[in-house]
Every structure is written in C-alpha cells, then in structure tokens.
Amino acid sequence: MKILFIACYSPFINNSAAIETLQYLNKLSEVKENKVHLLTVDFPENSIYYDSSLRDMINKDIKIHLIKGGKIFNKLVPRKGAESEKPKTESTKNIKKMKFLRSIKNAVVIPDMYYSWAKKAGKYGIELMKKENFDLIFSMHEPPSSHLCGYYIKKENKNIPWITYWSDPWLKDSTREKSFFIKKWIEKSMEKKVVENADKFIFVTEANRQDYINTYKIDKNKTFIITRGFDEELFERLSKEEKPKLIEENKINIIYAGEIFSKLRDIKPFIKALENISKENPDLYKKINLMFFGNIDDSEAKRDLDALEISKVNKRIPFEEALKYMLNSEVLLIFGNKNSKQIPAKIYEYFGAKGKIFVIYGDENDPIKKLVENHTRCKSTLNNEEDIKNSLIEILETPKEALLGEADYNFEWKTITKRLTNIFNK
C-alpha cells in the first residue's frame with residue numbers, strides 16, 4: 001500500500017504529537033508491502049522545538065517532503081536565541097504582556113500558525129498524487145491545518161480514501177473557547193468540510209468520538225478508537241544506559257516532561273501542596289527530587305515552582321533523554337486536561353516505565369479517569385492542594401522499591417499499529 005501521511009507535527013520537533021507521528025510512521029513503514037511518504041513542515045533548526053535525535057529516528061525508507069511554513073509561521077515560531085536572552089526573573093509587567101500577546105495569537109490566528117503551510121502543502125500534495133498514485137491519504141490532527149491540507153488534496157482526488165486521525169477536538173477544544181466569534185464561525189465551516197469529505201475517522205477517546213458522531217451525524221461504523229503506546233525495544237535499550245545526571249539515588253525522583261498550558265493544566269494547587277508539605281512535614285519534603293522539563297506558559301507558576309528548594313525547572317530536552325528520566329524515576333507526574341475530551345499522550349509512555357504514575361485530574365469529568373482510576377500503577381487525585389498534599393504524603397511514605405511496578409504491554413506500539421494497519425487494509 002502506498003500511503004501519503006500528512007502531519008504538521010512530525011519527528012523534526014519534540015512534542016507529544018510528533019512522537020506519536022514517529023511511531024505510526026515507523027511501524028507502518030516496517031510492513032513490507034507499505035511505501036510511506038511524509039508531507040510535513042520544514043521546521044527551522046533554531047526553533048526551540050527542533051529535535052535532531054527524533055529526526056534521526058525516522059525510518060530511512062520513508063520519503064520525506066518538507067514544505068516551508070510561511071510568513072506567519074516564521075514570525076510566531078519560538079527561536080532558541082530569543083529564549084536564551086530572556087531574563088531569569090520576569091517582572092509582573094512583562095508577565096502580563098506575554099499573557100496578553102499569547103491570548104491575541106490564540107484568538108485571531110485561523111485556525112493555527114500552519115494555515116499558509118496547509119495551502120502550499122496542499123498544492124504540492126496534489127501534484128505529488130499525480131506522480132506517485134497513492135492508495136491512501138492519512139492526516140493527523142493536531143493541529144487542524146494537517147486536516148486542511150488533506151482536504152485540499154482530497155478535493156482533487158475523490159476516489160482516493162482519506163482517513164483522518166483526531167487526537168483532540170478541533171472547534172470544541174477548550175483552548176479555543178475564548179476565540180472571537182468570526183474565528184469560530186470560519187473554523188466551524190473548515191471543520192465541517194473536513195468531516196464531510198473524510199472517509200474514516202480515528203479518535204483517541206470515546207467522548208471525542210461520540211461528540212463528532214452527534215455533531216456531524218457520522219456513521220459510527222466509519223469511526224474507530226486507537227490509543228497511543230510505548231516502544232518496548234527503545235525502552236529496553238535506554239534502561240541499560242547510564243542514569244541521567246539529575247537523578248538522585250537517595251531521594252524519590254519525581255519527573256514531569258512536557259508542556260504546561262495553563263488553559264488546560266493548572267499547576268498552582270500542586271505548587272501550594274508542596275509548600276504545605278515543606279512546612280508540615282519537612283523530613284518528607286527533603287526526600288523529593290522534583291524535575292520539570294519543558295515549557296510552562298504561566299510565568300508566575302513557573303517562577304514559584306523554580307523557587308522551591310526541591311524543584312529543578314529546565315527547558316525541554318531531547319526525546320530519548322526525557323525517556324531516560326522517566327525510566328529512572330520512582331514517580332511519573334501527569335496533569336489531566338480541564339474542560340477537555342483529550343487524554344495527555346504522555347500517560348502511554350508512562351505505562352512503559354516502572355514508576356508510580358501520579359495523576360492529577362484536570363476536573364471531575366477528566367476522560368483520563370476511566371484509564372487510570374483502577375490501574376495498579378496509578379495514584380490519582382482531584383486538582384486541589386489538600387488532596388494533592390495527602391496523596392503526595394502517601395507516596396513519599398512508601399519505600400522506594402514499592403513504588404516500582406511492571407510495564408503494561410497492552411499499550412505497546414506493536415499491538416496498537418496492528419489495529420491501525422487493519423483499518424488501512426479495509
């Protein structure tokens with residue numbers, strides 16, 4: 001089968017969607033009969049998201065087509081040089097200014113910073129279809145522009161099946177709730193065109209699938225549920241390598257590696273809980289080695305977290321390095337999403353490690369609940385400082401060895417990609 005794989009977030013950058021793309025690309029290309037082409041964004045190497053180690057993990061049999069992001073993309077993509085010039089301690093005025101600029105960007109850019117890319121990549125993809133005679137188009141949201149690119153190509157190739165993958169909602173994503181009316185109206189039209197022209201739909205959560213079925217009257221037989229997973233071979237190799245430098249043998253190592261977007265994840269109750277433990281249980285507090293890797297868009301919360309004696313707040317790190325920290329930590333921290341039908345993809349990588357998974361729900365309706373509340377590896381709590389404090393104390397009073405369990409192979413990538421291949425073959 002010849003597959004045109006469309007994804008703005010690809011293994012040239014380090015985020016959860018790009019890692020997901022990497023796994024699907026490689027597993028699909030390992031099937032002898034498959035020939036996979038990737039149509040993606042040409043990310044600049046000085047972007048803070050660029051990750052050469054992930055890039056090098058792409059199967060060499062995959063044909064890659066890189067399309068420039070365009071003017072808006074070039075203005076909005078964060079660069080490494082600009083990040084390093086920021087002062088360590090930001091003033092309240094600067095914090096408020098950054099929040100305002102971020103809110104303006106989220107409110108007016110339609111549908112995201114890759115729209116120009118989608119139009120250019122769509123034109124490129126139409127010509128590529130003529131040369132390569134693909135059997136299948138596969139596009140991955142997020143972001144929405146991946147599906148827009150797929151839509152432009154599908155319009156000119158009505159007879160070629162188009163499968164759409166929805167890791168998150170589009171219009172009903174909680175990060176888009178405060179968008180201007182005109183932006184919402186335009187994006188609703190975009191999403192409707194995508195749904196009406198797609199042949200199959202893959203979702204990550206049942207809640208998101210049901211919402212799309214109800215909103216657009218999609219035939220349920222055209223929809224599927226597939227989760228993410230972890231790579232057993234990669235995890236085994238990394239577990240044999242030297243432990244990362246910030247791991248401390250005589251402490252309980254707690255790691256969070258990923259993005260913190262305040263619209264989805266509120267870390268302030270977690271910080272308050274740690275502050276309370278430092279006052280009420282100083283001996284337990286001193287047992288903690290807390291490591292955060294990645295961007296935190298709430299500058300005040302980032303400053304408070306960094307001020308904690310037991311906390312190390314770092315910039316994002318390469319994918320394999322982050323995995324090594326996961327594999328060598330006793331506690332794996334995850335924040336669920338509030339007002340969302342999305343499950344953070346990181347949970348599936350955590351299932352491949354051995355540490356206790358500490359889940360802080362985004363809200364009482366967090367869809368991650370069904371996945372973790374009865375899982376022996378998981379300890380979960382609502383996102384308020386008292387419940388977090390009590391849960392943390394329980395974890396810290398547990399012997400280190402007792403915090404470690406076994407990997408859950410129900411979420412290994414080989415199992416998951418077999419299901420995806422079956423959908424493609426139909």
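**View 1. Asp199 is partly exposed, with a relative accessible area of 29%.** In this classification, buried means under 20% relative accessible area, exposed means over 50%, and partly exposed lies in between, with a 1.4 Å probe and protein chains only. The model shown is predicted, so local features need pLDDT of at least 70 and side-chain atom pairs count only at pLDDT 80 or more, whereas totals for chains, interfaces and linings use all residues. Residues are numbered from 1 along each chain as its sequence is written, and side-chain values use heavy atoms, with hydrogens and water left out. Asp199 forms a salt bridge with Lys154, and the closest N and O atoms are 2.9 Å apart. The two partners belong to distant parts of the chain, 45 residues apart: Lys154 lies in helix α7 (residues 145–155), and Asp199 in the loop between α8 (181–197) and β6 (200–203). Helices (H or I, at least four residues) and strands (E, at least two) are DSSP runs, numbered from the N terminus. Lys154 has a relative accessibility of 4% and therefore counts as buried. A salt bridge is defined here as a side-chain nitrogen of Lys or Arg within 4 Å of a carboxyl oxygen of Asp or Glu. The count by this rule comes to 25 salt bridges.

View 2. Arg316 counts as buried at 17% relative accessibility, and Glu259 is buried with a relative accessible area of 13%.

View 3. One of the pairs consists of Glu241 and Arg237, whose side chains meet at 3.2 Å, N to O. Glu241 is partly exposed, with a relative accessible area of 32%. Arg237, at 38% relative accessibility, also counts as partly exposed. Side chains of opposite charge can pair when their charged atoms come close.

**View 4. A nonpolar patch on the surface is formed by Phe181, Ile182 and Trp185.** Together these residues have about 440 Å² of accessible area; accessible areas come from the Shrake-Rupley method with a 1.4 Å probe, and for residues only the protein chains shown count as cover. Patches are made of residues with over 30% relative accessible area and no salt bridge, where like charges are joined within 9 Å and nonpolar side chains (Val, Leu, Ile, Met, Phe, Trp, Tyr) within 5 Å. Trp185 lies in helix α8 and is exposed, with a relative accessible area of 60%.

**View 5. The second largest pocket holds about 400 Å³ of space.** A pocket is an open set of points on a 1 Å grid over the protein atoms alone, where a 1.4 Å probe fits and protein lies on both sides within 12 Å along at least five of seven lines; a cavity is a set from which the probe cannot get out, and lining residues have an atom within 4 Å of a point. Of the 22 lining residues, Ser239, Leu327, Gly352, Ala353 and Lys354 lie nearest the centre of the pocket. Helix α10 (residues 232–239) gives the most to the lining, with four residues. The lining comprises eight nonpolar, six polar and eight charged residues.

**View 6. Glu142 and Pro143 are joined by a cis peptide bond.** Omega of this bond is about 0 degrees. Pro143 lies in the loop between β4 (136–141) and α7. The C-alpha atoms of Glu142 and Val372 are separated by 24 Å, although the two residues are 230 residues apart along the chain. Val372 lies in helix α16 (residues 369–372) and is buried, with a relative accessible area of 0%.

**View 7. Lys217 has a positive phi, near 55 degrees.** Lys217 is found in the loop between α9 (206–216) and β7 (223–225) and is exposed, with a relative accessible area of 69%. Phi of Asn339 is likewise near 55 degrees, and Asn339 lies in the loop between β11 (331–335) and α15 (346–350). Most residues other than glycine have a negative phi, and most peptide bonds are trans.

Note on methods. Grid points are joined across faces, edges and corners, and a volume is the space filled by probe spheres set on the points. Ala, Val, Leu, Ile, Met, Phe, Trp, Tyr, Cys and Pro count as nonpolar, Asp, Glu, Lys and Arg as charged, and the others, Gly among them, as polar.
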